[in-house]
Amino acid sequence: MPIPGPILSLVLGMALVLAALWLGDNVQLLPIDASTNAPIYDELFQVLFTIGAVLFLGVLGLLLFSLIRFRRREGDHGDGVAIEGNLQLEVFWTAVPAIVVLFVGLYSYDIYDRMGGMAPLGHDHGAAHDASGHSEKIWGGIGGGWPPSEGSESSSGPSGAFVSSETPSAADGPVAVEVTAMQFAFIFNYPGPGFVSGELHVPANRPVSLLMNSKDVIHAFWVPEFRIKQDVIPGQPTVVSFTATRPGRYPIVCAELCGPYHGGMRSTVVVEEPEAYDAWLAANAPATLAQAAPALEG
């Protein structure tokens, strides 16, 4: 006895959804997660991947079915049956995509908010004060304003929204670093200790806030393992905040086409245990280097 069409469609639809859920839960396409933002972003990626798997498998299955079921038979030289209009099908393929798009939009907004994207840019109307004391408007960012302060982590995102005007010490509290992007390098200034580095060093499990500026064209600060990417725009300071969770070395990539050597514009973020980070700060502090200079010259 043939299976009724509605029941067959229901069974195939359930099998399709289950297969997509399995793929979304078991296929790992992202690098390791090394920040508090990463698991939140991965939730969204898993949902989008599952929806994409449903669409891909459904469309592919329908195409294969149509190729076999409606293939031209031998000796058949006529036209296919002329079918005009199917209200139920039209309602289905209009309503379902609309619901999916609305869900994805609302869910993406929630993820962005949980990552700190909707946090206020600063209590001083989004003003950033650089090492020279110059005040500039912060134009955008993830995680809050500048400079950060201890104990002011925002509840809107695990990466923290730092809104105080006090710069934290190097020994405790959030880490504040000024980032300058240029063709084709990133430069990291640590205003507290007072030195510049070609690598970004941060302690594990401690909030970090970056104030970023560009000297020439638009760049983008991207750390795939942290799941953060923020444009760096000339004349428009931006902020990105995060908390690294896994010690190691991770690539910093410019994700905005910025010139002929764009592909080589890379740096490294080094996530260290707090003791190792403090030792690195002490070794690179100007006073330490000044004391070591005579010995090196001798």
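Is N37 buried or exposed? N37 counts as buried, because its relative accessibility is 0%; buried means under 20% relative accessible area, exposed over 50%, and partly exposed in between (1.4 Å probe, protein chains only). This is a predicted model, in which local features need pLDDT of at least 70 and side-chain atom pairs count only at pLDDT 80 or more, while totals for chains, interfaces and linings use all residues. Residues are numbered from 1 along each chain as its sequence is written, and side-chain values use heavy atoms, with hydrogens and water left out.

**N37 and R227**

- N37 belongs to helix 2, which covers residues 37-69; helices (H or I, at least four residues) and strands (E, at least two) are DSSP runs, numbered from the N terminus.
- Although N37 and R227 are 190 residues apart along the chain, their C-alpha atoms are separated by 6.5 Å.
- R227 is placed in the loop between strand 9 (219-223) and strand 10 (228-232).
- R227 counts as buried because its relative accessibility is 9%.

**Backbone geometry**

- Most residues other than glycine have a negative phi, and most peptide bonds are trans.
- R227 has a positive phi, near 60°, and is a residue other than glycine.
- N205, also a residue other than glycine, has a positive phi near 60°.
- The peptide bond joining Q183 and F184 is cis, with omega about 5°.

**Loop positions**

- F184 is found in the loop between strand 4 (175-182) and strand 5 (185-190).
- The loop that holds N205 runs between strand 7 (200-203) and strand 8 (207-214).
- N205 counts as exposed because its relative accessible area is 55%.
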